[in-house]
Amino acid sequence: MNLKSKFDFKSIRFKLWVYFIGFALLLIGLIWFLQIFFLDNYYEQMKTAETTKLADQIIDTFQDGDGSLLELTRTLEAVSAANGDIYVRVETGDGSILISPDYSGHGPLYQYSLQVQALRNKLESGSFSRVSMITPNPVADDDTKILAYACYLYQATDGLTEEQNHDMSYILYIFSPLYPVKSTVSIMRVQLVYITVIASLLALTLALYLARRISRPIKEITHSAAEMGKGNYGVKFKGGHYSEIVELADTLTNASRELEKTDMYQKDLIANVSHDLRTPLTMIKSYAEMIRDLSGDNPEKREAHLNVIIDETNRLNTLVNDMLNMSKMQSRSITIERSNFDIKATAESLLASYDILAEQEGYKIKFNCPAPIIVNGDEAKIKQVLSNLITNAVKYCGEDKEIIINIRKTGRKMRCEVIDHGAGIAPDEINHVWERYYKSSTHHVRPTEGSGLGLSIVKEILTLHRANYGVNSKLGKGSTFWFEMDIVRERRK
């Protein structure tokens with residue numbers, strides 16, 4: 001057997017390894033891209049959002065209070081104390097500094113004049129109610145930047161026009177430093193190198209482990225399937241640790257068992273067919289030779305020998321026809337010619353052919369059907385069902401040689417029962433009686449030979465009619481084979 005290369009690029013193991021490593025590298029690359037190229041913008045957006053939130057808090061506190069300058073001063077002092085790196089101040093509408101708590105650490109006030117003027121111009125243009133911009137830090141000697149933010153703090157006064165209110169409005173300015181992120185990016189880049197190496201090694205190890213863990217049960221299933229292909233149907237498939245593979249293994253194990261059964265049935269079929277064919281062929285050959293060598297000139301003996309040859313030929317014909325019918329029914333190539341018929345009359349016409357058994361061999365066939373029952377189906381095939389069930393009962397009936405056929409109504413169904421008082425069927429064999437060429441362990445009374453397909457044909461015909469059927473049996477007490485069909489309701493005139 002040729003073994004595939006370990007580096008099979010189409011194998012599940014290799015593709016799982018590639019997909020997992022690819023996903024890990026894509027994730028690491030995305031982190032690199034976001035941190036290096038978007039860190040500045042993200043930091044500025046985050047700082048702007050924090051400053052906007054702080055301004056809203058100041059506005060809400062001012063508007064919810066009594067609106068006095070003392071309260072506003074206290075609010076700004078509290079904000080400055082809580083956020084030591086920002087500079088907050090309030091100006092009036094004409095540009096006068098109204099409140100600037102603890103600005104000594106931020107340098108002279110005039111150093112923010114350019115930023116204040118630019119923000120004021122944007123606000124006075126009327127297009128914005130709050131504005132922000134990023135500019136170089138005027139109180140630092142390095143290349144750091146600040147976020148300059150401005151918005152109106154309106155002090156509404158009754159009895160004044162909108163223009164007068166605007167003149168008396170207050171403008172809130174917030175200046176927040178933006179710390180340099182280049183050094184942070186450099187530090188993060190070094191950290192990302194370590195993270196990339198460690199994550200790649202972990203991803204490689206985990207990918208190899210998962211690929212091997214997933215592919216191993218599939219390889220074992222493949223090996224077991226190869227053994228099953230050689231005819232070792234008893235092999236058991238192992239599924240590993242994954243539900244889907246376990247279900248696949250269980251399904252293949254069941255398939256292996258069914259194939260083993262089929263193989264056994266096939267061997268039994270060949271053996272039984274060979275036996276059933278050999279016996280009549282041997283008889284035909286023997287009696288033909290007897291006619292040729294011994295009874296050719298004796299009309300009586302020749303007639304008897306010819307009758308034996310005809311009987312054996314009929315047996316062969318019956319066997320071949322049963323096999324052909326069985327094959328057609330299983331392939332669903334046979335059609336059902338449905339019609340309404342009286343099953344009581346059908347059974348009575350069939351039972352007339354069994355009178356010879358009562359006369360010559362003492363069989364007692366009792367038929368119970370109180371009234372005609374109209375059913376819908378293929379009358380000829382239902383007649384064959386009855387014939388096969390009665391013949392089976394004759395072969396396996398008890399010493400009393402009694403067979404009972406009951407046909408009666410049960411609700412909207414017609415139920416037909418064929419009862420014998422024979423040895424019965426063992427519980428472990430009762431589910432196999434419908435199989436082809438299955439031979440029960442119990443012995444039949446009448447030494448007759450059939451095709452071995454009688455009950456299998458019964459099963460297929462009733463299945464085609466979608467009829468219920470079954471068998472009830474107890475060892476030492478006999479068996480009851482039954483089937484049910486829908487009753488045709490007569491239309492009221």
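Among contacts in the protein between residues at least 6 apart in sequence, what percentage join residues at least 24 apart? The share is 66%, where contact means heavy atoms within 4.5 Å. The structure is a predicted model, in which local features need pLDDT of at least 70 and side-chain atom pairs count only at pLDDT 80 or more, while totals for chains, interfaces and linings use all residues. Residues are numbered from 1 along each chain as its sequence is written, and side-chain values use heavy atoms, with hydrogens and water left out.

The protein has twelve helices and twelve strands, taken as DSSP runs numbered from the N terminus, with H or I over at least four residues for helices and E over at least two for strands. Of its 493 residues, 35% count as buried; buried means under 20% relative accessible area, exposed means over 50%, and partly exposed lies in between, with a 1.4 Å probe and protein chains only.

Helix α11 (residues 379-396) takes part in two helix pairs, described here in turn. With helix α9 (residues 343-351), the axes come within 10 Å and cross at roughly 50°, where axes are lines fitted to C-alpha atoms over the stretch in contact and angles run from 0 to 180 degrees between N-to-C directions. That angle makes α9 oblique to α11, because angles under 35 degrees count as roughly parallel, over 145 as roughly antiparallel, 65 to 115 as roughly perpendicular and the rest as oblique. The crossing of α9 and α11 is right-handed, a term used if the near helix is turned clockwise from the far one by less than a right angle, with anticlockwise giving left-handed. On the α9 side the contact involves Ile-343, Thr-346, Ala-347, Ser-349, Leu-350 and Leu-351, which meet Glu-379, Ile-382, Lys-383, Leu-386, Ser-387 and Ile-390 of α11. These contact residues divide into seven nonpolar, three polar and two charged, with Ala, Val, Leu, Ile, Met, Phe, Trp, Tyr, Cys and Pro counted as nonpolar, Asp, Glu, Lys and Arg as charged, and the others, Gly among them, as polar.

The axes of α11 and α12 come within 9 Å and cross at roughly 150°, and this crossing is left-handed. Here Lys-381, Gln-384, Val-385, Asn-388, Leu-389 and Asn-392 in α11 meet Gly-454, Leu-455, Ile-457, Val-458, Ile-461 and Leu-462 in α12, a set that divides into seven nonpolar, four polar and one charged. Eight of the eleven residues of α12 (residues 454-464) are buried, so this helix is largely enclosed by the rest of the structure; among the buried residues are Leu-455, Ile-457, Glu-460 and Leu-464.

Most residues other than glycine have a negative phi. Lys-401, in the loop between α11 and β9 (402-410), has a positive phi of about 50° although it is not a glycine, and at 24% relative accessibility Lys-401 counts as partly exposed. Arg-466, in the loop between α12 and β11 (468-474), has a positive phi near 55°, and at 78% relative accessibility Arg-466 counts as exposed.

Elsewhere, Ser-169 is found in the loop between α5 (162-167) and β5 (170-178), where Ser-169 is buried, with a relative accessible area of 1%. Ser-169 and Tyr-152 are 17 residues apart in sequence and 6.9 Å apart in space, C-alpha to C-alpha.
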